[in-house]
Amino acid sequence: MKKASKDSISGSGSRFCAFLRGVNVKGTNMKMAEVCAVFEKAGMKDVSSVLASGNILFSSEKEEEELKRILEKSMSEHFSYEAFLFVKSQQEIETIFRETPFETNAEYHIYIFVGVEGIAKILMMEFEKSRKVSGEEAQLMGRNFYWKISKGNTLDSEFGKILGRKKLKDSFTSRNLNTFEKVLKKL
């Protein structure tokens, strides 16, 4: 979808990004143009996507909790699946990106997790109990959880396997630092 100009955004409310959980993995395949159309039908303005992993930018005058409820219902009905998404304001995304505690390094991925209230502390407790691979680190910054893992070890690490547990997986989603940077550039 085409990005809305700054002029058209100015009168449309606050800017947000919805981070969808489980998009284009394990049989849940969606075209981002179709997802954007669902958001527009649900009343969102200036809708666009970043990458194919379910990062939807939009404007609205509604509050985050109401947006989450409206958008999960619209996505669930349209795509016939149980949608989970997490809405963050532009200001929250800027803070999350700015507070990243790790230096970028070509040998490592840095993941940022967004989710339900309290999930960052739960993830930190699970990380502290897990066996680490060389260079693997995690930090809690405010209400946000950050994980650094060497490339090629994301799914093989003990913590990576913990992230797939049913009791946790509907409580959060993660994106790498590069995705957050791309989201910010388009906001």
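Which strand is Ser-49 found in? Ser-49 belongs to strand 2, and the views below, all drawn from a predicted model, start with the sheet around it.

**View 1. The open sheet has 4 strands in the order 2-3-1-4.** Pairing here is antiparallel. Strand 2 (45-50) and strand 4 (85-89) each have a single partner strand and stand at the edges, so one side of each is left without a neighbour in the sheet. From one strand to the next, the twist averages 25°.

**View 2. Here we look at how strand 1 and strand 4 pair.** Strand 1 covers residues 14-20, and its antiparallel pairing with strand 4 runs over 5 bridges. To find your bearings, look for Phe-19, which stands opposite Phe-86 in strand 4.

**View 3. Helix 2 packs on the sheet.** This helix, residues 32-41, touches strand 1, strand 2, strand 3 (55-60) and strand 4. Compare its direction with that of strand 2 and you will find an angle of about 155°.

**View 4. Helix 3 lies across strand 1, strand 3 and strand 4.** Helix 3 is made up of residues 64-79 and runs at about 145° to strand 4.

View 5. Is Ser-49 buried or exposed? Its relative accessibility is 14%, and because buried means under 20%, Ser-49 counts as buried.

Notes. Residues numbered from 1 in each chain as written. Predicted model: local features only at pLDDT ≥ 70, side-chain atom pairs only at ≥ 80, totals over all residues. Heavy atoms only, no water. Pairing = 2+ DSSP bridges. Helix = DSSP H or I, 4+ residues; strand = E, 2+ residues; numbered from the N terminus. Axes fitted to C-alpha atoms, helices over the stretch in contact; angles between N-to-C directions. Contact = heavy atoms within 4.5 Å. Buried < 20%, exposed > 50% of the residue type's maximum accessible area, 1.4 Å probe, protein only.
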